[in-house]
Amino acid sequence: MLFERETVTPQGRLAAMEELFARVAARNDAVHEPGHVPVEALEAYGDLETPLRYMLEAASAGCKDRSRLAQLRKVEKCLNTLPEAVMTSLAAGPGENWLCMFRHLLQLHTLLTDAGIGTDAAEYATLLQKMVVLAEKVSQAAAVEISPASMFTLLLMQVEMQRINAPHRRRKAARKRRKAKARSSKKTATRKEA
């Protein structure tokens with residue numbers, strides 16, 4: 001038909017969302033060259049890294065438990081690779097790995113809590129605040145600008161990806177098994193009666 005419209009597929013919707021995100025998240029002002037880290041981001045990294053190094057040294061001093069030492073080494077390795085993640089996030093555009101540093105910070109937080117480094121509530125709150133400040137300073141200078149529009153587009157993309165990748169329920173198979181069990185139990189009951 002002349003006026004027949006084609007419906008949009010889930011992949012088509014996702015592509016449209018990705019295109020919209022690339023448009024609304026691209027920073028209009030000048031972006032730093034790859035490898036350049038603004039002073040504010042360097043200071044925020046230093047504010048986070050220095051106390052974490054002291055905490056790691058204190059936790060590993062005199063520790064003889066191999067599994068705990070392995071966990072502490074994982075934290076240290078994650079902390080050592082954080083500067084590279086910061087530089088990646090600063091230079092990456094909307095279609096690239098701009099979330100690298102944010103994922104890295106999430107992993108660092110998980111490793112720290114798994115390692116059980118002795119922090120009280122105030123130290124933990126301070127540590128979280130330092131992570132937030134680092135994320136903020138990197139985000140302010142990054143090629144991808146986080147704004148209400150880009151955040152909403154990201155959430156739309158996440159929901160669409162969850163819908164596309166939703167696990168299919170296996171109700172029918174379970175129902176069939178239950179019916180088969182019921183039939184077999186009836187057959188056994190009738191055999192016993194006979």
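Mentor: From the N terminus on, the elements of the protein run α-α-α-α-α-α-α-α. That comes to 8 helices and 0 strands. Keep in mind that this is a predicted model. The average pLDDT of the protein is 85, and 86% of the residues score at least 70. Confidence is highest in helix α5 (residues 100-115), at a mean of 93. It is lowest in helix α8 (residues 171-193), at 66.

Now the overall setting. The protein has 194 residues, and 27% of them are buried.

On to your topic. The structure holds 5 salt bridges. Start with the one between the side chains of E160 and R13, at 3.0 Å from N to O. E160 lies in helix α7 and R13 lies in helix α1, so this pair ties together parts that are 147 residues apart in sequence. E160 has a relative accessible area of 4%. The cut-off for buried is under 20%, so E160 counts as buried. R13 has 28% relative accessibility, so R13 counts as partly exposed.

Stay with E160. Its side chain also meets that of R163 in a salt bridge, at 3.5 Å from N to O. Here both residues lie in helix α7. They are 3 residues apart, about one turn of the helix. R163 is exposed, with 56% relative accessibility. Salt bridges that share partners join R13, E160 and R163 into one network. Trace that network by exposure. E160 is buried, R13 is partly exposed, and R163 is exposed.

Next, another of the salt bridges. The side chains of E76 and R53 meet at 4.0 Å, N to O. This pair links distant parts of the chain: E76 is in helix α3 (residues 66-80), R53 is in helix α2, and they are 23 residues apart. E76 is partly exposed, at 37% relative accessibility.

Now turn to another arginine, R27. R27 sits in the loop between α1 (10-25) and α2 (39-60). Its relative accessible area is 17%, so R27 counts as buried. Look at what its side chain reaches. A polar atom there lies 2.7 Å from the backbone oxygen of S139. A polar atom of the R27 side chain also lies 2.5 Å from the backbone oxygen of A142. Leave aside the neighbours of R27 within four places in sequence. R27 is then in contact with S139, Q140, A141, A142, A143, V144 and E145.

I146 lies in the loop between α6 (121-141) and α7 (148-164). At 35% relative accessibility, I146 is partly exposed. I146, M151 and L155 make a nonpolar surface patch of about 240 Å².

To recap, E160 pairs with R13 and with R163. E76 pairs with R53. R27 has polar side-chain atoms by the backbone oxygens of S139 and A142.

Terms used:
Residues numbered from 1 in each chain as written. Predicted model: local features only at pLDDT ≥ 70, side-chain atom pairs only at ≥ 80, totals over all residues. Heavy atoms only, no water. Helix = DSSP H or I, 4+ residues; strand = E, 2+ residues; numbered from the N terminus. Buried < 20%, exposed > 50% of the residue type's maximum accessible area, 1.4 Å probe, protein only. Patch = residues over 30% accessible without salt bridge, like charges linked within 9 Å, V, L, I, M, F, W, Y side chains within 5 Å. Areas by Shrake-Rupley, 256 points an atom, 1.4 Å probe, with all protein chains shown as cover. pLDDT = per-residue confidence, 0-100. Polar contact = N/O pair within 3.5 Å; in protein donor to acceptor, adjacent residues only side chain to side chain. Contact = heavy atoms within 4.5 Å.
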